[in-house]
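Have the model open while you read.

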Amino acid sequence: MRKINRIIIHCTATLEGREVTVKDIDRWHRDRGFAGIGYHYVIYLDGTVHEGRPLERVGAHCRGQNAHSIGIVYVGGLTSDGTTPKDTRTDAQRAALHTLVSRLREQFPAATVHGHREFAAKACPCFNVIEEHGFRDGRTGEQVSETGAQEHRRHKVVGATALAVDMRRQN
């Protein structure tokens, strides 16, 4: 198994309420030249969690972070008119994401949880991951404040936000 030190949360950047499947994302990613879906898990609107790329395989979801991370994507992330990033998660998606992240933290206790926007100049996943999921120091497992988390990341992820790569999804 790969060494996992990050869990990175994404949105599909699709219209609020629009159904999207693993098969759809797999097609989008193959059309962009990827070897299949880049996310390890996809959370549908109804809260069901579907496997994408096997955990044993390096993901293709966050430039510079794929080798040692797990990518989770929820369906949604844009207003219904497609003009504005928005946290469109349903209650079922919120609950499923919380459960999945908790399970992965147990399986990979050294992993910290991040939003895609921490590593790229974009709104994804359209909510504050630190605020919602807290931050756990990957070395000690201790909970730290948002300020402490930002300071830790600023030193640990030097220049990552400079990797602004346009990963817009095809709608």
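Ile8 sits opposite His114 of strand 7. Helices (H or I, at least four residues) and strands (E, at least two) are DSSP runs, numbered from the N terminus.

A word on the source: this is a predicted model, where local features need pLDDT of at least 70 and side-chain atom pairs count only at pLDDT 80 or more, while totals for chains, interfaces and linings use all residues. Residues are numbered from 1 along each chain as its sequence is written, and side-chain values use heavy atoms, with hydrogens and water left out.

**The sheet and strand 1**

Strand 1 also pairs with strand 5, again in the parallel sense, over six bridges. There, Ile7 has Ile70 as its bridge partner. Step back and you find an open sheet of five strands in the order 4-3-5-1-7, with mixed pairing. Strand 4 (49-51) and strand 7 are at the edges with a single partner strand each, so one side of each has no neighbour in the sheet. On average, neighbouring strands here are turned by 25° against each other, direction ignored. Axes are lines fitted to C-alpha atoms, for helices over the stretch in contact, and angles run from 0 to 180 degrees between N-to-C directions.

How many residues of strand 1 are buried? Six of the six, so the strand is largely enclosed by the rest of the structure. Buried means under 20% relative accessible area, exposed over 50%, and partly exposed in between (1.4 Å probe, protein chains only). In a regular strand the side chains alternate between the two faces of the sheet. In strand 1, Arg6, Ile8 and His10 point one way, and Ile7, Ile9 and Cys11 point the other way.

Contact here means heavy atoms within 4.5 Å. Leu104 is part of helix 2 and is buried, at a relative accessible area of 0%. Leaving out residues up to four places away in sequence, Leu104 touches Ile7, Tyr41, Ile70 and Ile72.

Helix 1 (residues 22-31) has Val22, Asp24, Ile25, Trp28 and His29 as its buried residues. They span an arc of only 160° around the axis, which puts them on the same side of helix 1; the arc is that of the directions from the helix axis to the C-beta atoms. Strand 2 (14-15), strand 3, strand 4 and strand 5 are among what covers them. Lys23 and Asp31 are exposed, on the face turned away from the buried side. Just after helix 1, Gly33 takes a positive phi of about 95°.

**Links across the sequence**

Two C-alpha to C-alpha separations are worth a look:

| Residues | Apart in sequence | C-alpha separation |
|---|---|---|
| Leu104 and Ile4 | 100 residues | 9.9 Å |
| Ser80 and Glu16 | 64 residues | 4.8 Å |

Ser80 is in the loop between strand 6 (77-78) and helix 2. Buried or exposed, then, for Ser80? Ser80 counts as exposed, at 53% relative accessibility. Ser80 touches Leu15 and Glu16, not counting residues up to four places away in sequence.

**One aromatic pair**

The structure holds one aromatic pair. The rings of Tyr74 and Phe127 have centres 6.3 Å apart and planes at 50°, so the pair is tilted. Rings of Phe, Tyr and Trp (its six-membered ring) pair if their centres lie within 6.5 Å; planes under 30 degrees apart count as stacked, over 60 as edge-to-face and the rest as tilted. Tyr74 is in strand 5 (residues 69-74) and Phe127 in the loop between strand 7 (112-115) and helix 3 (129-133), so the pair ties together parts 53 residues apart in sequence. Both Tyr74 and Phe127 are buried.

Arg89 lies over the face of Tyr74, 5.8 Å from the ring centre, and over the face of Phe127, 3.6 Å from the ring centre. A charge sits over a ring if NZ of Lys or CZ of Arg is within 6 Å of the ring centre and within 35 degrees of the ring normal.

Conventions: Two strands pair if DSSP finds at least two bridges between them.
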